[in-house]
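Trainee: Please take a close look at the charged side chains for me. I want to know how they pair and how they sit against solvent.

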Amino acid sequence: MTNRIIDNCRSQVKRIYDTFDASHDWQHIERVLGNAERIMETEKADPFLVELAVLLHDVSDPKYMKNGEDLEKEILESLGVSEEQSSQIAQIIRQVSFKGGNGEEASSIEARVVQDADRLDAIGAVGIARTFAYGGAKGRNLYDWEEKPRNGMTEQQYREEPTSSATHFYEKLLLLKNMMTTETGKQIADERHQFMLSFLEQLKKETDGNA
Ligand code: NI
């Protein structure tokens, strides 16, 4: 029964993610599922809720949502899960979002697992690749060293006033390591964080003509 629900959800969301740019495509979902599994080796979370929340977590992302459309709700309603499970899943997804630093705190172990799993995919080599894929899709500059990274921005500023891809590291990606709440998340984040720092240092050197 639960497998059938997951398979149904998988096939519905895959069609949607296949239309998104490479920063939020089906491969992103597969990696986040893998991260969540690793984290659940040491955290006691309900794998059914975690898997459905991961599958659905980006289908209604404001970056990709078309007006008046709520795919997350539509798909969730079509799956035949209980009302309680459905509201638990919706809550996990709400709490996963970063919202320019204005996100909600995770209130369940399932939300913490999905949050860390998604955030791990935003950092390290894969985070770098995704940032430039997204920036490319939106026509953003690779870097702008004159630009001041914002902190304490509102969700609206974060969404509507784009900065260069390199600035995004200082506004979000370098903050994520300290926002991990599971032990596994923290451990994996450390190495990925260091890798981003070396990348940024090298990028700065090369673009300044010093390397
Ligand atoms: Ni995501």
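Mentor: Start with Lys63, which is partly exposed at a relative accessible area of 29%. Here buried means under 20% relative accessible area, exposed means over 50%, and partly exposed lies in between, using a 1.4 Å probe and protein chains only. The model is predicted, so local features need pLDDT of at least 70 and side-chain atom pairs count only at pLDDT 80 or more, while totals for chains, interfaces and linings use all residues. Residues are numbered from 1 along each chain as its sequence is written, and side-chain values use heavy atoms, with hydrogens and water left out.

Lys63 has a partner. Its side chain meets that of Asp61 in a salt bridge, 3.0 Å from N to O. A salt bridge means a side-chain nitrogen of Lys or Arg within 4 Å of a carboxyl oxygen of Asp or Glu. Asp61 counts as buried, at 11% relative accessibility. Side chains of opposite charge can pair when their charged atoms come close.

The structure holds 12 such salt bridges. In another, Asp18 pairs with Lys14, and the closest N and O atoms are 3.1 Å apart. Asp18 is partly exposed, with a relative accessible area of 49%. Lys14 is partly exposed too, at 33%.

Now a pair within a helix. Lys73 bridges to Glu77, with the closest N and O atoms 3.7 Å apart. Both lie in helix α4 (residues 71-78), 4 residues apart, about one turn of the helix. Helices here are DSSP runs (H or I, at least four residues), numbered from the N terminus; strands are E runs of at least two. Glu77 counts as exposed, at 59% relative accessibility. Elsewhere, shared partners join the salt bridges of Arg31, Asp121 and Arg130 into one network.

Asp58 (OD) and Asp118 (OD) coordinate the nickel ion together with His28 (NE2) and His57 (NE2), at 2.1 to 2.3 Å. Donors are N, O and S atoms within 2.8 Å of the metal (3.2 Å for Na, K and Ca); water is not among the atoms, so sites may look incomplete. Within this group, His28 in helix α2 (residues 26-40) and Asp118 in helix α6 (residues 109-120) are 90 residues apart, linking distant parts of the chain. Asp118 is buried at a relative accessible area of 14%. His28 is buried as well, at 0%.

Last, the setting. The chain has 10 helices and 0 strands. Of its 211 residues, 45% count as buried.
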